[in-house]
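Let me put the thing up on the screen and then walk you through a few spots.

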Protein chains: 2
Amino acid sequence: MFTLLAKDGEARRGRLRLAHGVVETPCFMPVGTTAAVKALTPADLREAQTQIVLSNTYHLWLRPGLSAIEAAGGLHRFMSWDGPILTDSGGFQVFSLESRRTLDDDGVTFSSHLDGSKHRFTPEGVVDFQQRIGSDVAMVLDVCVKLPATREQLEEAVRLTTTWASRSAEAPQRDQTALFAIVQGGLDSGLRERSARELVELDFPGYAIGGLSVGETREEMYAAARHTADLLPAEKPRYLMGVGTVRDLIAAIDAGIDIFDSVYPTRCGRNGRAMTHNGELNIFNAAFVNDQTPLDAACDCSTCTGYSRAYLAHCFRSKEMLGPRLLSYHNVYFLNAMMRDARAAIESRTWVIFRGRAWSES
Amino acid sequence: MFTLLAKDGEARRGRLRLAHGVVETPCFMPVGTTAAVKALTPADLREAQTQIVLSNTYHLWLRPGLSAIEAAGGLHRFMSWDGPILTDSGGFQVFSLESRRTLDDDGVTFSSHLDGSKHRFTPEGVVDFQQRIGSDVAMVLDVCVKLPATREQLEEAVRLTTTWASRSAEAPQRDQTALFAIVQGGLDSGLRERSARELVELDFPGYAIGGLSVGETREEMYAAARHTADLLPAEKPRYLMGVGTVRDLIAAIDAGIDIFDSVYPTRCGRNGRAMTHNGELNIFNAAFVNDQTPLDAACDCSTCTGYSRAYLAHCFRSKEMLGPRLLSYHNVYFLNAMMRDARAAIESRTWVIFRGRAWSES
């Protein structure tokens, strides 16, 4: 399923074959939590060179629900995206919706953020849900812990995550859905090692590094991600969850990680923040009101070739939803283009030069 | 500038040559009040077969302002739309922002709805503004009156509108900008006749019917529009301002009117209301949650070919801005397609059949 095509230092250039298509890695996944990438159509995503999108089990489970997605013929047809889809398991919501859930050895019960109704998530149920909706990559139900956390909390999260991963691996599988496990352990290198070792023994087709970007410093995150990546089998894809800034992505590729997701580019875009080859900019900055240049002169996306900063600033100031749409599009395009360039750099063994330039520009 | 190609009853098939392109009539203009058609890019508008968009002098004057638009090289370049643009004069805001303006014989002073600053609009100033930003069609400053109104109010509005139209006609003209006058007079047929006669004497290249859709019943509007259209020269284009429902558009084409604008399709689209060949529907209707059919099975737009009602309902319920975007697109496409079909019906002298079908479907 995964082929490692080239390496430059620890940076990897790979190819992941999934039921709905091939994903060239390193790769960034835009996030469509509720079966929609905010403001963007599947046609936009394709045009912006998106290879795979992420959606979320917890959110889809609550709305529109399994039967609605099955009635549509699966998630791909429901949202009109025919490329690969990875779905997260709901394990992140164990962290992000801490006040709305109770955890036990057998699973998690969520009280819906929409209407308070109770929903029971078990390892098997979550795998079954993701298979039924047709995910290309399903994630096991895990326990994501807010940082800082005690050793006991992290140890318990690792224990449950392994137990649940084992149950997930034993659940019925479908060819079209590859099941990835998620390494936990917080910033504790011993626990990361334990978690990785236990999950690697279960022989999943891919591994995610979870439990980061949840309260720790950037340096702590880099160190934990690099340490964990080293613990994972070279021949399998590695996915760092929830990372989407230029600096973080470059650091993670440099640590040998292949796949990433984050709401960062679309959330920034909606709020007027653009990622550029000269760092990030806030379109509400007064200087842009009369700036006839594009967002990013080095970008060839339709936002940058079609509109000036002055026009985009006008749209945001006028609360025209075209503003959020055009900046979201640019940011997704920008990260996809950066990944394409990263792949080329690794292939040509110029990764160190690329990394240095990307860092200096960010 | 305007060629009458065919007639069927009073319905007219025409061609309007403007600085930025040809407009085949009957024609509907989507509204981009602040230099942006809500949720839609110029590429979307083209794809949806839009020929000309409308923008608004009052709003552009306040934000981004003349110097910003001039710095961009004009309104077309500012908003990245290279087709024709018609700009309204601010006369409608005499009605819609009644509490924020004072009127005198020489013009109108608005207190900005954005920051309270004072802005003086005169007939000459408004023409100059529209010429400088590069409008293909500029509208004269007029006095639009809320209905019901007294005979005295209407008479005064007609008097000022004629005076200002005369001053506008005497102002310096530019080849690229055609100046249209606006007939007022409310529901008073005598005043409509006076207004039309006085403005026709001034020999403008086109005429609008203003002061309707401002509080009167639909039947009163139809009667006044038809009566006024009859008063206008056959060889010049006729524009009914602020009309955008299927029934109203069909009635107005039937009365011999050529051009229309309304926020209706985009406002409806943002709020979950879709125009279809089976009448309008509200996507929040519970029945659509599990409806796998397209919005309008008889529509070939990318919203109808790409998404189910169930998905669109999901987007609206999830507050995904993709919902407003996809419905706005469909509604604009729908009206443009209806206009294209109306043109074909007039050419083939099947207008009565077309009119009957459109009415029965609406």
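This is a predicted model: local features need pLDDT of at least 70, side-chain atom pairs count only at pLDDT 80 or more; totals for chains, interfaces and linings use all residues.

Let's start with strand E12 of chain A, residues 206–209. Gly206(A) and Ala208(A) point one way, Tyr207(A) and Ile209(A) point the other way, and all are buried.

On one pairing, strand E11(A), residues 178–183, is joined to E12(A) by four bridges, and the two run parallel. Val183(A) sits opposite Ile209(A) there. To get from E11(A) to E12(A), the chain goes through helix H8(A), residues 189–201, in a right-handed β-α-β crossover.

Then there's E13(A), residues 238–240, also parallel to E12(A), with three bridges between them. Here Tyr207(A) is opposite Arg238(A).

Now hop over to chain B and helix H8(B). It has 13 residues and spans 18 Å from first C-alpha to last, close to the 18 Å expected. Its buried residues include Leu191(B), Arg192(B) and Arg194(B). Among the elements covering the buried residues are helix H7 and strand E11 of chain B. Just past the helix, Asp203(B) has a positive phi of about 60 degrees.

Last stop, Asn290(A), in the loop between strand E16 and helix H12 of chain A. Why do I call Asn290(A) partly exposed? Because it has 16 other C-beta atoms within 10 Å. Asn290(A) touches Ala310(A), plus Ala68(B) and Ala71(B).

Definitions and conventions
Residues are numbered from 1 along each chain as its sequence is written. Chains are lettered from A and ligands numbered from 1 in the order in which they are written. A residue is buried if 20 or more other C-beta atoms lie within 10 Å of its own, exposed if 12 or fewer, and partly exposed in between; C-beta atoms are placed from the backbone. Two residues are in contact if their C-beta atoms, placed from the backbone, lie within 7 Å. The expected span of a helix is 1.5 Å times one less than its number of residues. Two strands pair if DSSP finds at least two bridges between them. A crossover is right-handed if, with the strands pointing away from the viewer, the path from the first strand over the helix to the second runs clockwise. Lists of a residue's contacts leave out its neighbours within four places in sequence.
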